[in-house]
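Here is a briefing for a reader who is new to this structure. Please look at the sequence and the model first.

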Amino acid sequence: MADVVLGIETSCDETSAAVLVSGELASLVILSQDIHQVFGGVVPELASRAHLAALPAVVDRALVEAGLDLRAVDAVAVTAGPGLVGALLVGVVYAKALAYAGARALIGVHHMEGHLFAPAVEDPQLAPPFVALLVSGGHTLLLDVPAWGRYRLLGQTRDDAAGEAFDKVAALLGLGYPGGPAIERLAKDGDPGRFTFPRPMQHDGFAFSFSGLKTAVLRAVRASDNLARDRPHLARGFQDAVLDVLVTKLERAVRATGYPTAVLGGGVACNRTLAARAAERLAGVARVAVASPRLNADNAAMIARAGWYRLGLGERSDWTLDARADLPLPGLELAPATPHSTLRTPHSS
């Protein structure tokens, strides 16, 4: 078992490194790339170049904050996908070099499995079985997690991810990038009854769809004769619609499985309104576990934690490890076609 794990995350526009010692977080450094705000979204080439320039210093800083020398590191865990392939490649190549030069173990980590492990960084007692809702800029996944490393896909988005919808609606409202935090702040001043947007597929199984909702907001923006006046109400109406769908699906999955815990993860889980509404809806039914915003954003602590788990199973990546934008989630299987009646209960094997 690796006692000291160095985590590296470069899947998008955060350059991050973290150190875990015996499974506990010793340091975490996240450097965000502000340059993308100028373009209203992440520019892949700029992201890759920024990672290349920043990663050595970010890793050094993480080691300093942990009070450790590089020689103390037993293993390197790195995001291998999914994400922007050029950005991922920077982290993977750097991690392979560190591992090879120091005869260290190397483990490639799936980015979304990292998000799944994020709450466990702060809550070591968190353990399956639970239902997990992973919501980010590129993914919206609802998972049945009977055990670490075993994941049953209950539902996912058929078009836009929830985080992508937040960013696109923020652009429509002139709020800039990233959109999620700006919409949440603005929505606090909005009237929930001013704009009522559709809740796509809210009452239909576990799948998601946000493209139509985005179109409905676009039409409302174009119809507004005073966008400055309507902006907070549009933000509130949009956010309410997204969160209502997410929480409804989460509650449906929790009741179908009978699990006592629901996990929220991914960048959209930084939205404290989402966490509060999930906790309110599931009060008396299940505990809602959600990491702090810093650990829900893209970060290396979650990658180190997932890597530590995989290393504990005896898994290792060899020197052919490569970045994959379409990396499949390890241990993922499809749920039955009629999950309401056939999902396992917490007491089944």
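R61 has a relative accessibility of 46% and therefore counts as partly exposed, that is, between buried (under 20% relative accessible area) and exposed (over 50%), with a 1.4 Å probe and protein chains only. The model is predicted: local features need pLDDT of at least 70, side-chain atom pairs count only at pLDDT 80 or more, and totals for chains, interfaces and linings use all residues. Residues are numbered from 1 along each chain as its sequence is written, and side-chain values use heavy atoms, with hydrogens and water left out.

**Around R61**
- R61 sits in helix α1; helices (H or I, at least four residues) and strands (E, at least two) are DSSP runs, numbered from the N terminus.
- From C-alpha to C-alpha, R61 and V73 are 14 Å apart in space, and 12 residues apart in sequence.

**The sheet**
- An open sheet of mixed pairing is formed by 5 strands, in the order β3-β2-β1-β4-β5; two strands pair if DSSP finds at least two bridges between them.
- β3 (24-32) and β5 (105-110) are at the edges with a single partner strand each, so one side of each has no neighbour in the sheet.
- From one strand to the next, the twist averages 20°; axes are lines fitted to C-alpha atoms, for helices over the stretch in contact, and angles run from 0 to 180 degrees between N-to-C directions.
- Strands β1 (residues 4-9) and β4 (residues 75-81) pair in the parallel sense over 4 bridges, and V5 is opposite A75 in β4.

**The helices**
- Helix α1 (residues 44-66) packs on the sheet and touches β1, β2 (14-21) and β3, where contact means heavy atoms within 4.5 Å.
- The direction of helix α1 makes about 25° with that of β2.
- Helix α2 (residues 85-101) lies across β1, β4 and β5 and runs at about 160° to β4.
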